[in-house]
Amino acid sequence: MTTVVVGAGHAGLAASHHLSARSIDHVVLERGQVANSWRTERWDSLRLLTPNWLNRLPDLPYDGPDPDGYLTMGEVVGLVERFAAAAQAPVRTETAVTEVRRTDAGYRVATSAGEIDARTVVVASGAFNTPAVPALSQGVPASVHQVTPFAYRNPLQLPDGGVLVVGASASGVQLAAELARSGRPVTLSVGEHVRMPRTYRGRDVLWWMDTTGVWDERYDQVDDLDRARRLPSPQLVGTAARATLDLNALADLGVELVGRLAMVRDGRALFSGGLRNVFALADLKLERLLDSFDAYAGRSGRDAEVGPAERFPPTRVPGSPRWQLDLAAGEISTIVWATGGRPDYSWLGVPVLDEKGRLRHDGGVVDSPGLYALGLPVLRRRRSTFLHGIDDDARAVVEHLSGHLDGSP
Amino acid sequence: MTVTDGGKTAENGVDVQALLDAREVLKGAPEAAQFTWRASSTWKHGVHSTSSIQNYFGLGQEQQHRTETTFDIDHPDVFAATDNGITPIEFLLVGLAGCLTAGVASVAQNRGIQLRSVEATVEGEHDIRGILGADADVRNGFNDVKVTFHIDADASKQEIEALVAQSQKRSAVFDALTNPTNVSVEVA
């Protein structure tokens, strides 16, 4: 075998698409079914953050009736399945990769269905395989139910009572809103976050991100790449009403905002007293982003094409935000850890991880000859984080892989 | 030194390049980044004590300030004390103001913003029934701390607000005051 691709999500399938275009013999190994994480690790009401028109995959532009809508998880699975079929990807489902190690000729890939020797391997196993729950969760009293967005499905699943949602990125704000609407008292612990309106001057805010070139910035031109790759997802939700879900909207729903969860001591959650500043940072960043959109509209002569410029009220600071909460008092019955996820490379027996367990790679070219990565945030451009970023990334990575096979550096 | 950013030049007296260089070096040498700050305190009389600071540990070895500094710590007349120096909790205000102001100057230098004046007033709201044991529901420490900056600089209001926000984001004292810290006090 020339190439083994690990993972049949959009990234592995895009690799397959470009490998096939170069007639490179390959197989795509998938531990479950195509689009496995989308099927098994998402909550019921979740929709994509990106509008349909943006979700173009290699040779598969959106041609449905609702370009401005947002796909449900079932629809995402359908999209990725259609892509697998169109790309005629040689996928082996229910085949888990248990180890990859170096050999003289390339790599030996151990799977639940035997070993495969390959000259090259493309790691497309996803950026968020396991929830990143902070260690301080160990201090949470046993009486409090703890759940991550990987396992959460809907409010009915949780015990009665109040919910503390930790984390105010896309997952955290969406779950806080859903739980508040279900009638539960919700407290949201807020650290640094990315505030965005759903629409700006009549267009989806992601239209602006796409059109103004924010997402075109290359990984090797980004000022602080580490930071760009760790950037939390923006406070967005995909709904038919295209409603904004910022912290003011959550406060209107009755969600209580508290600072970043700093410590659990003697069964008490202690929150940072720096809430006002994380609001200020996010509000200032939003203002700069909107300024850049307005400047683009003026510069490109598109002012008439879009609505008038808008500015949004600053995030309202609660009078005296609570900085502690007694978790044993019964007020909180569930904690939702919306604190992100991390990739699982426990099967990767090649020394290519840095001290923080991240893959060492240069735009998807991993620090081991013949090993590649796809489907990670800001892999080659800011747009790499999104479905539509995969085409250019996969093309470039497969081009390098092809050069490696031909013996060029 | 001078930093130029987008054609802007500033001279605030902060050697930002040295700090940026240190950041790069310490990324790969976390052990050198471990500092220990120390103060040694001696009881004088009543609630008056002095605290001296000269040595600290950092960059892998013992270090020294150029001179030893000694502070008097006391309580005012309204506490029926001798008022030989400021109260301990006021030192927290001094630390916070100094830290945020240093941050403003550093961030301004890094962003090419020329500062003309930076004034800050820091107010800590303190219900002393806590320390007096007069009401068990009142905490000992500050209930609220408010910092007000007046900054005159070659920058827009938005840029100045961003300076102050970034300064808080990178402030040691702001973090130490807003987040819990384990403190162990022992008798040797």
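Modeller: In this predicted model, chain A is assigned two domains, domain 1 covering 3-129 + 343-405 and domain 2 covering 132-337, with bounds that come from an automatic or database domain assignment. Because the model is predicted, local features need pLDDT of at least 70 and side-chain atom pairs count only at pLDDT 80 or more, while totals for chains, interfaces and linings use all residues. Residues are numbered from 1 along each chain as its sequence is written, and chains are lettered from A and ligands numbered from 1 in the order in which they are written.

Taken over C-alpha atoms, the centres of domain 1 and domain 2 of chain A are separated by 28 Å. Across the boundary, 20 residues of domain 1 of chain A are in contact with 24 residues of domain 2 of chain A (contact being C-beta atoms, placed from the backbone, within 7 Å). The domain 1 side of chain A that touches domain 2 holds nine nonpolar, three polar and eight charged residues, where Ala, Val, Leu, Ile, Met, Phe, Trp, Tyr, Cys and Pro count as nonpolar, Asp, Glu, Lys and Arg as charged, and the others, Gly among them, as polar.

Chain A also has an open sheet of five strands in the order S9-S18-S10-S11-S14, with parallel pairing; helices (H or I, at least four residues) and strands (E, at least two) are DSSP runs, numbered from the N terminus, and two strands pair if DSSP finds at least two bridges between them. S9 (145-147) and S14 (256-258) of chain A are the edge strands, and each has a single partner, so one side of each lacks a neighbour in the sheet. Neighbouring strands are turned by 20 degrees against each other on average, direction ignored, with axes fitted as lines to C-alpha atoms, for helices over the stretch in contact, and angles running from 0 to 180 degrees between N-to-C directions. Within this sheet, S10(A) (162-166) and S18(A) (332-337) pair in the parallel sense over five bridges, and Val163(A) stands opposite Thr334(A) in S18(A). Helix H4 (170-181) of chain A packs on the sheet and touches S10, S11 (186-189) and S18 of chain A, its direction making about 170 degrees with that of S11(A).

Elsewhere in chain A the pairing is antiparallel, as in S4(A) (97-103) and S5(A) (106-111), which are joined over six bridges. A hairpin links S4(A) to S5(A) through two residues, and Arg101(A) has Arg108(A) in S5(A) as its bridge partner. From S5(A), five antiparallel bridges lead on to S6(A) (114-118); S5(A) and S6(A) likewise form a hairpin with two residues between them, and Arg108(A) has Asp117(A) in S6(A) as its bridge partner.

Turning to the other chain, 11 residues of chain B are in contact with 12 residues of chain A. Helices H4 (157-169) and H5 (172-178) of chain B each give two or more residues to that side, H4(B) giving the most, with six. Helix H8 (275-299) of chain A is among the elements that cover the buried residues of H4(B), together with H2 (88-110), S8 (144-153) and H5 of chain B.

Conventions
Contact = placed C-beta atoms within 7 Å.
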